[in-house]
Amino acid sequence: MDRRRFCQTMAASAAAGVIRPSTVLSQDDAGKIMTVSGPIAPESLGVTLPHEHVLVDFIGADRVSRDRYDADEAFTVILPYLKAVRELGCQSMVECTPAYIGRDPILLKRLSAASGMNLLTNTGYYGAAGDKYLPPHAFSETVDQLAARWINEWKEGIEGTDIRPGFIKTGVDYGSLSEIDRKLIRAAARTHLATGLVIAAHTGGGGAFKDELAVLAEEGVAGEAFIWVHAQNESDPNLHAQAAEQGAWVSFDGVSSQSVSSYVAKLREMKRRNLLHKTMLSHDAGWYNVGEPKGGQFRSYDVLFTELIPALKKADFADEDIRQIAVENPRQAFTIAVKAVKNSIR
């Protein structure tokens with residue numbers, strides 16, 4: 001970028017109210033992990049499920065409201081499942097429900113205190129599912145205006161609370177990125193550069209992930225700042241490897257009793273390629289479903305512990321392999337740090 005363009009970019013950003021990284025990422029936060037109860041040291045995260053949900057509301061962005069459910073009832077329904085997985089040795093859970101689909105940071109803070117689990121919530125918007133969960137301003141605002149909203153949640157807290165996001169959650173539809181999806185990824189990149197929060201993007205197939213990484217590179221963000229959510233939906237292991245080799249985290253997060261054998265195969269392939277250090281596992285389970293009596297059918301968070309890990313051990317995965325996936329990788333991914341490409345700082 002030449003000097004004139006750099007100055008123009010900085011002036012435009014200032015006019016849009018975007019806060020640059022040095023003003024919002026304090027020394028107190030750098031190198032920590034942000035939970036709903038505040039920052040913790042990375043070594044306190046422990047065994048972690050990096051993609052789960054406790055409550056969702058699929059009514060759509062135009063109708064979603066906390067008035068649609070009883071938070072006390074939801075708390076009572078959800079808590080036993082968190083306690084159960086805590087008893088299995090899980091210490092932390094990344095709650096991936098974004099704004100306009102039922103994100104409830106106050107409920108999460110209550111559940112964290114009652115269960116003894118570290119819980120992380122997020123900032124960002126979800127553009128998958130045909131944009132049903134995007135508020136109108138997501139279409140009309142600029143990239144910098146959207147990023148400023150998300151940066152403000154990091155700086156000031158979410159919705160008037162003192163609860164801050166621990167990561168950026170977004171989502172895109174299958175195939176090449178649409179205009180709105182490209183905007184969301186670009187806003188997420190600028191939010192990362194200002195806050196150091198990792199970007200977890202509901203992606204699915206490999207076509208979209210290539211576009212996402214290209215946008216991040218344009219914004220000066222390294223692959224290490226990106227989690228490919230639902231990578232299990234891509235059948236080509238070469239694309240998983242390509243993402244990991246570019247530094248991205250490859251998240252196989254649909255673990256269930258029916259999928260154990262296929263997950264063992266996916267992990268065996270990542271191990272063969274020496275890429276377990278970029279692999280994460282979770283269930284994408286839960287959840288209290290707003291609009292259904294008592295939240296409907298809740299899916300527990302235990303299969304990884306009761307079925308998949310034993311299956312991995314039978315398949316000759318060492319304890320250090322499992323620790324790498326369940327402890328070390330989430331710890332590295334969610335530790336707050338700006339991951340910028342050298343000589344590409346905006």
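1. Val198 is buried, with a relative accessible area of 2% (buried means under 20% relative accessible area, exposed over 50%, partly exposed in between, using a 1.4 Å probe and protein chains only). Val198 sits in the loop between α7 (179-195) and β9 (199-202); helices (H or I, at least four residues) and strands (E, at least two) are DSSP runs, numbered from the N terminus. Beyond its neighbours within four places in sequence, Val198 is in contact with Phe167, Ile168, His192, Glu224, Ala225, Phe226, Ile227, Ala333 and Phe334 (contact means heavy atoms within 4.5 Å). With Phe226, 28 residues away along the chain, the C-alpha separation is 6.1 Å.

2. A word on the ground rules. This is a predicted model, where local features need pLDDT of at least 70 and side-chain atom pairs count only at pLDDT 80 or more, while totals for chains, interfaces and linings use all residues. Residues are numbered from 1 along each chain as its sequence is written, and side-chain values use heavy atoms, with hydrogens and water left out.

3. Now for α10. Its 13 residues reach 18 Å from first C-alpha to last, close to the 18 Å expected at 1.5 Å a residue (the expected span is 1.5 Å times one less than the number of residues). Val260, Tyr263, Val264, Leu267 and Met270 are buried in α10. Seen down the helix axis, these buried residues fall within an arc of 125 degrees, so they line one face of α10; the arc is that of the directions from the helix axis to the C-beta atoms. Ser261 and Arg272, on the other side of α10, are exposed. The cover over the buried residues of α10 includes α9 (237-245), β11 (249-252), β12, α11 and α12. Just after α10, Asn274 has a positive phi of about 60 degrees.

4. Helix α11 (residues 303-314) can be read in a similar way. Its twelve residues should span 16 Å at 1.5 Å a residue, and the end C-alpha atoms are 16 Å apart, which agrees. Val303, Leu304, Phe305, Leu308, Ile309 and Leu312 are the buried residues of α11. Down the axis of α11 they fall within an arc of 150 degrees, so they line one face of the helix. Among the elements covering them are β3 (48-52), α3 (71-87), α10 (260-272), β12 (279-281) and α12 (319-334).

5. Which helix gives the largest share of the lining of the largest cavity? That is α11, with four residues; among the lining residues are Leu304, Phe305, Ile309 and Leu312. The elements giving two or more residues to this lining are β3, α11 and α12. By class, the lining has ten nonpolar, one polar and no charged residues (Ala, Val, Leu, Ile, Met, Phe, Trp, Tyr, Cys and Pro count as nonpolar, Asp, Glu, Lys and Arg as charged, and the others, Gly among them, as polar). The volume of the largest cavity is about 70 Å³, and the structure holds three cavities of 30 Å³ or more. On a 1 Å grid over the protein atoms alone, a cavity is a set of points where a 1.4 Å probe fits but cannot get out, and a pocket is an open set with protein on both sides within 12 Å along at least five of seven lines; lining residues have an atom within 4 Å of a point. Grid points are joined across faces, edges and corners, and a volume is the space filled by probe spheres set on the points.

6. Last, the largest pocket, with a volume of about 300 Å³. Of its 15 lining residues, Arg66, Ala99, Tyr100, Arg103 and Glu159 lie nearest the centre. The lining has seven nonpolar, three polar and five charged residues.
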